[in-house]
Amino acid sequence: MNRSSLRGRLLIAGGVTIGLTLLVAALGLNLIFARHAERVALADLDSRLLNIVSIVEPDGPSLRPIATDPRYGQPFSGHYWQIELGGEVSRSRSLWDYTLPAAEGVTQQGQKRVLALRGPQGEELLALDLTLTAGTGQKALPLRVVVATDR
């Protein structure tokens with residue numbers, strides 16, 4: 001057996017091993033970053049969802065005027081909210097005349113769901129959906145709140 005041949009094979013094997021290790025590390029880091037970015041986006045959507053829910057007057061129930069965030073006022077900005085209270089639908093100006101589609105399946109009362117929806121221009125949205133009952137007794141109305149942002 002030739003000594004340089006063994007050395008060459010070991011160099012090739014070492015190079016391939018290092019290359020595969022770097023590839024696996026890059027894929028792992030990419031996955032970790034994507035999951036972290038989605039967790040941060042969901043935390044932001046959760047705080048916005050609570051802010052939007054706060055405009056519902058439980059006594060009526062009705063909707064109070066909302067102090068608008070400039071992101072929700074610009075059409076097709078990538079930041080959207082929509083409230084369905086009884087049969088009435090209110091939405092951010094950024095949705096223009098578009099209505100976010102209803103979520104498929106049954107939503108548990110008070111449970112938040114993460115959804116992937118299509119936006120007003122066909123873009124993919126990361127959305128948080130919450131179904132509640134506003135009011136009590138005879139005045140109780142179903143309430144659905146959706147906040148969404150571009151992915």
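1. Strands here are DSSP E runs of at least two residues, helices are H or I runs of at least four, and both are numbered from the N terminus. Two strands count as paired if DSSP finds at least two bridges between them. Across this pair, Ala134 stands opposite Leu141 in β7. Six residues lie between the strands in the hairpin of β6 and β7, where Gly135 takes a positive phi near 90°.

2. A word on the model: it is predicted, with local features needing pLDDT of at least 70 and side-chain atom pairs pLDDT 80 or more, while totals for chains, interfaces and linings use all residues. Residues are numbered from 1 along each chain as its sequence is written, and side-chain values use heavy atoms, without hydrogens and water.

3. Now look at the other partner of β6. Strand β5 (residues 112-118) pairs with β6 in the antiparallel sense over seven bridges, and Val114 stands opposite Leu128 in β6. The hairpin of β5 and β6 has five residues between the strands, and Gly122 there takes a positive phi near 85°.

4. How many residues of strand β6 are buried? Eight of the eleven in β6 (residues 124-134) are, so the strand is mostly covered. Buried means under 20% relative accessible area, exposed over 50%, and partly exposed in between (1.4 Å probe, protein chains only).

5. Finally, please visit helix α1 (residues 3-53), which holds Leu20. Leu20 counts as exposed because its relative accessibility is 51%.
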